[in-house]
Amino acid sequence: MGTRTEAGRRPERKLTRKGQETRRRIVAAAAQLMYERGVTEATLEDVRAAAGVSGSQVYHYFSDKQELLLAVIEYQTQSVLDMQEPLFAELDTMEGLRRWRDALVEYQLRLQCRGGCPIGSLGSEVAETNPEARLAAASGFVRWEAAIRSGLQAMHDRGELDGDPEELALATLAALQGGLLLTQLQREVRPLEVALDAMLAHIAAHVTRG
């Protein structure tokens, strides 16, 4: 099955295009199953069947379920960030922040408030039992926070924001995550709207007036 590194992964190896596509298909199938059923209930056999590959192919790319789980966390993190990427570039104005807020709310409406945050769902499931996966999920949130902070830092650098960009970004992400959880549980988008609106009002209070 290959030699594992200290971080729990096998050394990186170069894959052919076909190999990359097969690996991506396995990870995507695993991500969907873990999202729908949870990490524990999504077995490697389920992943194999959903991806349409053989068991030997699964083990060719992943030595065990732990390695696949880490790949899923990275996959979900990248998917979440990629979806917001065009909006991240506009988070240096209140108008851009509000567009980001509206897009997040609209996305939850399209999902009928189901599923919550893919990173948060995985993170909460592994937080107390799997330190390596917990750190991987935490790293995903660090990247998300950094994307938010970048816009706020730009406002601060232009002299338009007198608050601490780091604290405001962390508070914004925390409000977003709490809003997503309550939206998922209550099956209505209002908790997310209220949480984000309150946070944006707080940021707006730190915007300097010319």
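These legends walk through a predicted model, one close-up at a time.

Local features are described where pLDDT is at least 70 and side-chain atom pairs where pLDDT is 80 or more, while totals for chains, interfaces and linings use all residues. Residues are numbered from 1 along each chain as its sequence is written, and side-chain values use heavy atoms, leaving out hydrogens and water.

View 1. Let's start with the overall picture: the chain has nine helices and zero strands. Here helices (H or I, at least four residues) and strands (E, at least two) are DSSP runs, numbered from the N terminus. The C-alpha atoms fill a box of roughly 65 × 35 × 35 Å along the principal axes. Of the 210 residues, 43% count as buried, meaning under 20% relative accessible area, with exposed being over 50% and partly exposed in between (1.4 Å probe, protein chains only). Among contacts (heavy atoms within 4.5 Å) with a separation of 6 or more, 71% join residues 24 or more positions apart.

**View 2. Helix H1 and its neighbours.** H1 covers residues 17-37. Its 21 residues should span 30 Å at 1.5 Å a residue, and its end C-alpha atoms are 30 Å apart, which agrees; the expected span is 1.5 Å times one less than the number of residues. Buried residues in H1 include Gly19, Thr22, Ala29 and Leu33. Among the elements covering the buried residues of H1 are helix H2 (44-51), helix H3 (55-61), H4 and H6. Just after H1 you can find Gly38, with a positive phi of about 100 degrees.

**View 3. Where H1 crosses H4.** The axes of H1 and H4 (residues 65-88) come within 9 Å and cross at roughly 85 degrees. Axes are lines fitted to C-alpha atoms, for helices over the stretch in contact, and angles run from 0 to 180 degrees between N-to-C directions. The two helices are therefore roughly perpendicular, on a scale where under 35 degrees is roughly parallel, over 145 roughly antiparallel, 65 to 115 roughly perpendicular and the rest oblique. On the H1 side, the meeting residues include Arg23, Ile26, Val27 and Met34, and on the H4 side they include Lys65, Leu68, Leu69 and Ala71.

View 4. Beyond residues up to four places away in sequence, Ala31 touches Val72, Tyr75 and Gln76. The C-alpha atoms of Ala31 and Ala71 are 8.8 Å apart, although 40 residues separate the pair along the chain.

**View 5. Helix H7 and what packs around it.** The 27 residues of H7 (residues 131-157) should span 39 Å at 1.5 Å a residue, and the 37 Å between its end C-alpha atoms agrees. Among the buried residues of H7 are Gly140, Phe141, Trp144, Glu145 and Met155. The buried residues of H7 pack against H4, H5 (94-110), H6 (118-126), H8 (165-186) and H9 (190-205). After H7 comes Gly159, whose phi is positive, near 80 degrees.

**View 6. Gln108 and its contacts.** Our last stop is Gln108 in helix H5. Gln108 is buried, with a relative accessible area of 4%. Leaving aside residues up to four places away in sequence, Gln108 touches Cys113, Gly116, Leu180, Thr183, Val189 and Leu192.
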